[in-house]
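Good morning, and thank you for making time for this presentation. Please look at the sequence and the structure before we go through them together.

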Amino acid sequence: MRNTYQTPVLDELDPTTGDLELEERHSLRRVAGLSTELTDVTEVEYRQLRLERVVLVGVWTEGSVEDADNSLTELAALAETAGSQVLEGLIQRRKQPDAATFIGRGKVDELRDVVVMTGADTVICDGELSPSQLRNLEQQIKVKVVDRTALILDIFAQHAKSREGKAQVELAQLQYLLPRLRGWGEAMSRQGGGAGGGSGGGGVGTRGPGETKLETDRRRINTRIAKLRREIKAMKTVRETKRSRRAASGVPAVAIAGYTNAGKSSLLNRLTQAGVLVEDALFATLDPTTRRTAAEDGRVFTLSDTVGFVRHLPHQIVEAFRSTLEEVGRADLVVHVVDGAHPDPEGQVSAVREVLGEVGADQLPELLVINKVDAADEETVLRLKRTWPEAIFVSARSGAGITELHKAIADRLPRPAVEMRVLIPYDRGDLVARVHRSGQVLQSRHLDDGTELSVRVDEQFAAELSGFRS
């Protein structure tokens with residue numbers, strides 16, 4: 001019998017897991033206007049950032065002025081997601097960032113004046129700063145300076161929930177921190193060592209070359225990085241075991257990928273009633289969620305939500321989350337979600353495809369889904385339809401286009417290779433259930449001796465059914 005697919009309706013009365021997580025996240029927010037403690041910046045602080053009042057600064061090296069504005073607008077959204085109040089934004093046109101201070105000397109003076117005038121306590125640069133650039137800017141501006149990479153890592157640290165997610169974020173933070181360790185004051189001096197050699201202060205057993213505080217911290221961080229890598233490798237083994245079980249069962253895997261805040265979690269909720277956290281913020285969800293659902297013809301497949309991408313996604317994040325991103329690379333179909341209401345959806349698609357290429361998922365079948373069409377203007381929707389005529393246009397919030405999306409996913413699922421007709425006795429209902437779950441039923445009718453099915457199944461299952469051919 002043919003199953004009739006109905007779009008699931010989310011229950012607005014009962015709180016889901018995502019609702020509870022969102023309430024918890026909003027129950028403790030940073031208070032804008034409170035001063036940040038900037039006096040004791042130690043070399044072991046790998047910056048769980050406290051960003052209340054910030055000034056943004058970017059360097060425009062290529063592309064149009066709209067591209068530069070969009071990049072700084074995205075940086076502002078990242079800063080607000082981290083809990084800060086954006087006071088001002090500056091862009092400098094240069095062929096390339098200044099090697100010493102990221103921005104030119106004149107712009108540094110202007111930036112310092114803006115910081116003083118606005119009362120900002122943090123400057124965020126739209127790029128990854130070298131250790132020397134970071135140090136020089138802080139010395140000249142006299143407030144904390146943070147780059148785009150540190151900002152994204154801070155957001156990841158706030159939003160990671162699972163044990164694997166927390167380990168991945170910590171690994172990325174430590175890898176970012178290692179070349180940026182700095183000693184302040186006495187921290188750079190040598191600590192007392194053993195009794196042998198050397199003269200000078202201290203008593204018996206305290207003289208000797210010893211080891212600097214900086215070297216101690218670097219050694220401890222390297223030890224911690226090695227431990228985290230071992231833990232993540234062990235978690236990867238568990239993930240691969242689960243993945244191999246799904247592959248052995250013949251259940252197709254569909255991965256939802258896309259730019260951060262494009263509506264991937266909302267789409268997963270709409271398709272499967274997963275109840276995961278949904279928030280209008282960048283990188284709201286990091287931990288992948290997988291749910292089983294069924295196509296219109298009854299075939300079961302898994303739908304997985306993945307971490308969002310962003311322009312210039314830090315390479316530390318890509319490396320640390322590689323085991324998670326490999327879920328996309330092993331999928332049978334990638335549902336690429338695009339924010340149709342974003343000022344630059346084409347730029348989003350390019351950024352996502354670049355990251356997919358890094359994890360080996362650029363050759364997989366792709367279904368482009370333009371989300372948030374209810375919030376996009378009509379001219380933009382028409383332009384995107386001309387650009388991507390094969391795309392599906394939906395609204396996860398209103399439900400528009402969801403039925404068409406589910407049908408498009410079903411049409412692109414891998415179809416079993418062997419077509420056969422079988423007569424399965426009524427006492428082997430388990431085989432009928434397996435056919436519906438992992439194969440495709442083309443025709444079905446009930447006879448006196450059992451259920452006659454015309455099916456498509458994979459070669460392994462076809463061998464098991466060979467004894468029931470009719």
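First, the basis of what I shall say. This is a predicted model, in which local features need pLDDT of at least 70 and side-chain atom pairs count only at pLDDT 80 or more, while totals for chains, interfaces and linings use all residues. Residues are numbered from 1 along each chain as its sequence is written, and side-chain values use heavy atoms, leaving out hydrogens and water.

The protein has 15 helices and 13 strands; these are DSSP runs, numbered from the N terminus, with helices (H or I) of at least four residues and strands (E) of at least two. Of its 470 residues, 48% are buried. Buried means under 20% relative accessible area, exposed means over 50%, and partly exposed lies in between, with a 1.4 Å probe and protein chains only. Among contacts (heavy atoms within 4.5 Å) between residues at least 6 apart in sequence, 70% join residues at least 24 apart.

Let us now consider the second largest pocket. A pocket here is an open set of points on a 1 Å grid over the protein atoms alone, where a 1.4 Å probe fits, with protein on both sides within 12 Å along at least five of seven lines; lining residues have an atom within 4 Å of a point. Its volume, the space filled by probe spheres set on the points, is about 850 Å³. The lining has 32 residues, and those closest to the centre are Glu62, Ser71, Asp126, Arg311 and His312. Where does the pocket lie? Domain 1 (53-157) and domain 3 (250-412) both give residues to the lining, so the pocket lies between them; the domain bounds come from an automatic or database domain assignment. Among the elements that each supply at least two lining residues are strand S1 (53-60), helix H2 (65-81) and helix H11 (345-358).

Helix H2 also holds Asn70. This residue counts as buried, at 19% relative accessibility, and touches Pro343 and Asp344, not counting residues up to four places away in sequence.

Next, helix H4 (residues 131-141), whose buried residues include Leu134, Leu137 and Ile141. Helix H3 (105-118), strand S3 (122-125) and strand S4 (144-147) are among the elements that cover the buried residues of H4. In the loop between H4 and S4 we find Lys142. Is Lys142 buried or exposed? At 64% relative accessibility, Lys142 counts as exposed. Its phi is positive, about 70°, although Lys142 is not a glycine. Most residues other than glycine have a negative phi. Lys372, in the loop between strand S9 (366-371) and H12, also has a positive phi, near 60°.

Two further residues complete the tour. Lys166, in helix H6 (residues 163-177), is partly exposed, with a relative accessible area of 48%. The C-alpha atoms of Lys166 and Phe156 are separated by 8.5 Å. Ala391 sits in the loop between helix H12 (378-387) and strand S10 (392-393). With a relative accessible area of 11%, Ala391 is buried. Which residues does Ala391 touch, not counting those up to four places away in sequence? They are Leu368 and Ile370. Ala391 and Glu366 are 25 residues apart in sequence and 9.8 Å apart in space, C-alpha to C-alpha.
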